[in-house]
Amino acid sequence: MVTIQVDRLIDFVGDIFAHADSEQAEATRIATYLTTANLTGHDSHGVIRVPVYMRWRKAGMIVPNQTIEIPVDTPSLAVVDGKFGYGQTVGPQAVKLGIDKCKAAGLAAIATRNSGHIGRIGDWAEMAAAEGLVSIHFVTAAGSVLVAPYGGVERRLSTAPYCVGIPRPGQAPVVLDFATSVVAEGKVLVASRGGKKLPKGALIGLDGTLSEDPAQLYGPYAADGPRDHSKGTGAIRAFGDHKGSGLALICELLGGALTGNGATKYDRPFANGMFSIYIDPKVIDPSNFFDGEVTRYIDFFRSTKPAAGVDAVLVPGDPEAATRAERTKNGVPLPDETWSAIVQTAREVGVSEAAIQHAGI
């Protein structure tokens with residue numbers, strides 16, 4: 001395990017993207033969002049993605065420096081086409097559009113399609129919450145067929161994230177952000193590179209056998225080699241039996257079919273689709289009942305006696321806040337295999353050895 005200080009990690013990852021045709025603003029933005037995912041404990045959506053992004057860029061699946069198109073634009077609704085730009089470039093543009101429309105109309109919906117990997121969806125809920133807005137996000141990863149629905153063993157779903165953000169004045173927002181699979185694909189990637197092991201039974205083989213071996217998803221792989229989920233025969237399982245499987249289906253239909261991105265299927269380029277709803281509490285609740293009731297109910301929620309072995313009852317966002325504070329102070333821990341893969345990618349795009357050595361100090 002290596003530990004990299006936050007500013008050094010952002011500078012180093014930004015240097016990689018700057019060497020790979022991204023303008024400096026985009027390179028820094030991607031690096032910041034990826035590092036923020038690590039800071040919040042979502043290592044699956046963090047800098048481990050750098051080699052994957054570079055592979056996609058080389059294959060033409062991601063286009064640097066894109067500006068969104070808006071083929072449908074009404075006072076309260078818009079369709080955003082990301083044109084396969086980096087999700088860390090498409091996402092902020094789409095969310096800002098939703099925020100602006102919501103502030104003007106009280107309610108807005110944004111259908112985003114053809115985005116590169118859009119990262120940790122909680123970033124977009126936090127962005128809206130910082131403006132005092134509630135937001136709800138249904139996401140698909142079209143072309144990324146990874147998850148078996150409840151009762152099946154063959155892949156039919158993406159990891160289909162779902163996210164809700166609720167602002168709290170003067171406090172961190174409540175952010176519920178999860179893949180509708182037992183684990184996100186990135187957590188399988190982390191496990192395959194020496195990181196946290198998968199929960200028991202997270203994966204399922206074609207014969208119905210449950211497994212925690214990343215090779216079920218990727219097939220055989222070398223320690224420092226690429227991970228290609230098309231080479232594996234197994235699948236990630238949907239979480240929560242029929243409930244998680246059903247929610248995943250809804251994410252595919254809203255985030256994929258409704259946005260024009262397309263629900264996931266084989267033999268198509270990877271693209272995130274996201275259907276987002278934004279609500280201004282000040283408009284729906286002019287008497288300002290909402291803020292006080294959120295505070296009262298969260299206090300009531302937390303006040304339950306903890307179960308045996310549990311220190312405290314948490315609300316969504318608490319673990320991320322604690323991890324962010326700890327890692328901001330002490331640095332971002334990365335498994336040796338993850339760091340090695342990032343360093344190898346840096347060399348491939350022409351980052352200097354001096355910059356590599358400086359980042360790892």
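The lining of the largest cavity comprises 4 nonpolar, 3 polar and 2 charged residues; in this classification Ala, Val, Leu, Ile, Met, Phe, Trp, Tyr, Cys and Pro count as nonpolar, Asp, Glu, Lys and Arg as charged, and the others, Gly among them, as polar. The model is predicted: local features need pLDDT of at least 70, side-chain atom pairs count only at pLDDT 80 or more, and totals for chains, interfaces and linings use all residues. Residues are numbered from 1 along each chain as its sequence is written, and side-chain values use heavy atoms, with hydrogens and water left out.

**Cavity and pocket**

Rolling a probe the size of a water molecule over the atoms shows where empty space is left. On a 1 Å grid over the protein atoms alone, a cavity is a set of points where a 1.4 Å probe fits but cannot get out, whereas a pocket is an open set with protein on both sides within 12 Å along at least five of seven lines; lining residues have an atom within 4 Å of a point. Grid points are joined across faces, edges and corners, and a volume is the space filled by probe spheres set on the points.

The structure holds 1 cavity of 30 Å³ or more. The largest cavity contains about 40 Å³ of space. Its lining is made up of Tyr33, Leu34, His45, Gln88, Ile118, Gly119, Arg120, Asp123 and Trp124. Helix H2 and helix H5 (122-129) are the elements that give two or more residues to this lining; helices (H or I, at least four residues) and strands (E, at least two) are DSSP runs, numbered from the N terminus.

The second largest pocket has a volume of about 380 Å³. It is lined by 18 residues, and those closest to its centre are Pro51, Arg55, Gln344, Thr345 and Glu348. Two or more lining residues come from each of helix H3 (50-58) and helix H12 (336-349). H3 provides the largest share, 6 residues. By class, the lining of this pocket has 8 nonpolar, 3 polar and 7 charged residues.

Strand S3 (residues 77-81) is largely enclosed by the rest of the structure, because 4 of its 5 residues are buried; buried means under 20% relative accessible area, exposed over 50%, and partly exposed in between (1.4 Å probe, protein chains only). Two strands pair if DSSP finds at least two bridges between them. S3 pairs with strand S2 (residues 69-73) in the antiparallel sense over 3 bridges, and Val79 in S3 is the bridge partner of Val72. The two strands are joined by a hairpin of 3 residues.

With strand S4 (residues 107-115), S3 pairs in the parallel sense over 5 bridges. Ala78 stands opposite Ile110 in S4. From S3 the chain passes through helix H4 (residues 87-105) to S4 in a right-handed β-α-β crossover; right-handed means that, with the strands pointing away from the viewer, the path from the first strand over the helix to the second runs clockwise.

**A mixed sheet**

An open sheet is formed by 4 strands in the order S6-S11-S9-S10, with mixed pairing. Strand S6 (147-148) and strand S10 (210-211) are at the edges and have a single partner strand each, so one side of each is left without a neighbour in the sheet. S6 and strand S11 (residues 235-237) pair in the parallel sense over 2 bridges, with Val147 opposite Ile236 in S11.

**Salt bridges**

The structure holds 16 salt bridges, a salt bridge being a side-chain nitrogen of Lys or Arg within 4 Å of a carboxyl oxygen of Asp or Glu.

| Pair | Closest N and O atoms |
|---|---|
| Asp21 and Arg57 | 3.1 Å |
| Glu69 and Lys83 | 3.8 Å |
| Arg156 and Glu154 | 3.3 Å |

Asp21 forms a salt bridge with Arg57. This pair links distant parts of the chain, 36 residues apart: Asp21 lies in the loop between helix H1 (6-18) and helix H2 (24-39), and Arg57 in helix H3. Asp21 counts as exposed at 53% relative accessibility, whereas Arg57, at 22%, counts as partly exposed.

Glu69 forms a salt bridge with Lys83. The residues are 14 apart and again link distant parts of the chain, with Glu69 in strand S2 and Lys83 in the loop between S3 and H4. Glu69 is partly exposed at 44% relative accessible area, and Lys83 is partly exposed at 27%.

In the remaining tabulated pair, Arg156 is partly exposed at 47% relative accessibility and Glu154 is partly exposed at 45%. A network of salt bridges also links Arg120, Asp123, Glu126 and Arg324; Arg120 and Asp123 are among the residues that line the largest cavity.
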